[in-house]
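Good morning, and thank you for joining this meeting. Please take a moment to look at the structure before I describe parts of it.

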Amino acid sequence: MQLNGARILLTGATGGLGEVLARQLSAAGAALLLTGRNPDKLAAIPLTAGAECVRLQADLSTADGIAAAASAARRFNANMLINNAGIGGFGLLESQDWNEVEQIMATNLVVPIRLTHALLPWLKSQPEAAVVNIGSTFGSIPFAGFAAYSSAKAGLRGFSQALRRELADSSVRVIHIAPRAIDTPLNSAAVNRLNAALKNTSDSPAHVAAGIVRTLQNNASESHLGFPERLFAWINGVSPSLIDRGLSGKLATIKHHAVKQ
Ligand SMILES: NC(=O)c1ccc[n+]([C@@H]2O[C@H](COP(=O)([O-])OP(=O)(O)OC[C@H]3O[C@@H](n4cnc5c(N)ncnc54)[C@H](OP(=O)(O)O)[C@@H]3O)[C@@H](O)[C@H]2O)c1
């Protein structure tokens with residue numbers, strides 16, 4: 001899809017990936033409606049002079065926040081929604097507070113579905129439109145220590161594929177992009193220590209944002225950013241027991257970092 005002239009509602013614009021993605025989308029010629037919860041961070045997102053941009057503070061875990069974002073998107077004439085807001089969730093399931101589990105599921109899965117639901121009639125009325133869901137490698141390689149987060153991201157992948165098939169005869173494209181670990185505040189110190197111990201590569205936000213922009217410009221519907229994670233995602237799809245075996249060797253390390261966090 002053409003980014004030059006696109007009008008994009010980007011959620012999570014105040015985050016580590018969102019801020020850099022906003023700058024790259026703007027540089028590619030898109031007009032932006034940026035949302036986040038933190039008003040200071042929202043106001044401080046630097047864009048080049050003259051870039052078209054509206055900023056909206058909204059907590060998307062509330063009905064009011066969804067309604068505010070959807071009506072701002074209609075006023076803005078948005079033709080692309082990028083569901084990027086998310087929260088992390090490292091910990092063994094039995095040690096996680098139920099509220100935390102619910103929040104992980106709500107922010108990473110329910111919010112993107114709800115915002116898409118609120119905006120879909122509008123997007124369908126546009127000559128060309130897109131819903132872009134930022135998932136995670138863990139949505140295809142569900143990981144020990146991230147049961148709720150992996151479930152939410154696997155759900156987001158399923159939602160993206162089902163909706164894409166449902167909208168195949170419409171003007172709305174549905175795109176799912178799954179990055180591997182990124183150097184952003186989403187990852188706690190314990191997650192960073194775990195990634196270092198497991199030798200998991202963590203990409204810069206600029207690298208991931210460039211991959212997202214490339215995916216959109218190439219009209220791809222699915223993108224796994226990072227190798228060998230892309231290969232492991234495929235293996236998990238055809239033979240999950242191979243990944244079970246591979247991950248069982250890492251379980252002691254994962255538990256060590258989950259307990260110590
Ligand atoms: N970091 C990684 O390792 C990694 C890897 C793969 C995929 N991802 C995905 O990439 C996306 C961006 O994550 P990130 O790494 O940039 O995380 P981040 O730096 O922690 O930023 C998260 C963003 O989501 C917003 N947000 C969280 N809860 C919200 C709510 N209830 N309502 C509205 N906005 C809310 C935050 O807003 P405020 O800051 O204003 O509160 C912030 O803008 C997420 O979907 C994440 O799952 C991240």
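E52 counts as partly exposed because its relative accessibility is 40%; buried means under 20% relative accessible area, exposed over 50%, and partly exposed in between, with a 1.4 Å probe and protein chains only. What you see is a predicted model, in which local features need pLDDT of at least 70 and side-chain atom pairs count only at pLDDT 80 or more, while totals for chains, interfaces and linings use all residues. Residues are numbered from 1 along each chain as its sequence is written, and side-chain values use heavy atoms, with hydrogens and water left out.

To place E52, look at the loop between helix 2 (39–44) and strand 3 (53–57). Helices (H or I, at least four residues) and strands (E, at least two) are DSSP runs, numbered from the N terminus. Between the C-alpha atoms of E52 and L93, the separation is 43 Å, and these two residues are 41 apart along the chain.

I turn now to the ligand. How many residues surround the ligand? There are 32, and the closest are T14, G16, N38, Y149 and T184; a residue is near a molecule if one of its heavy atoms lies within 4 Å of it. By type, the shell divides into 13 nonpolar, 14 polar and 5 charged residues. Here Ala, Val, Leu, Ile, Met, Phe, Trp, Tyr, Cys and Pro count as nonpolar, Asp, Glu, Lys and Arg as charged, and the others, Gly among them, as polar.

Consider next the backbone around the ligand. A polar backbone atom of N38 is 2.8 Å from a ligand oxygen, and a polar backbone atom of L60 is 2.9 Å from a ligand nitrogen. For G86, a backbone N or O atom lies 3.3 Å from an oxygen of the ligand. On its own the ligand has 910 Å² of accessible area, of which the protein covers 93%; accessible areas come from the Shrake-Rupley method with a 1.4 Å probe, and for residues only the protein chains shown count as cover. Helix 1 (16–27) and helix 5 (147–166) are the elements that give two or more residues to this shell.

Helix 5 also holds S160. Is S160 buried or exposed? S160 counts as buried, because its relative accessibility is 0%. A polar atom of its side chain lies 2.7 Å from the backbone oxygen of L156.

Finally, F232 lies in helix 8 (residues 229–238). With a relative accessibility of 38%, F232 counts as partly exposed.

Technical notes
A polar contact is a pair of N or O atoms within 3.5 Å; within protein, one must be able to donate a hydrogen and the other to accept it, and residues adjacent in sequence count only if both atoms are side-chain atoms.
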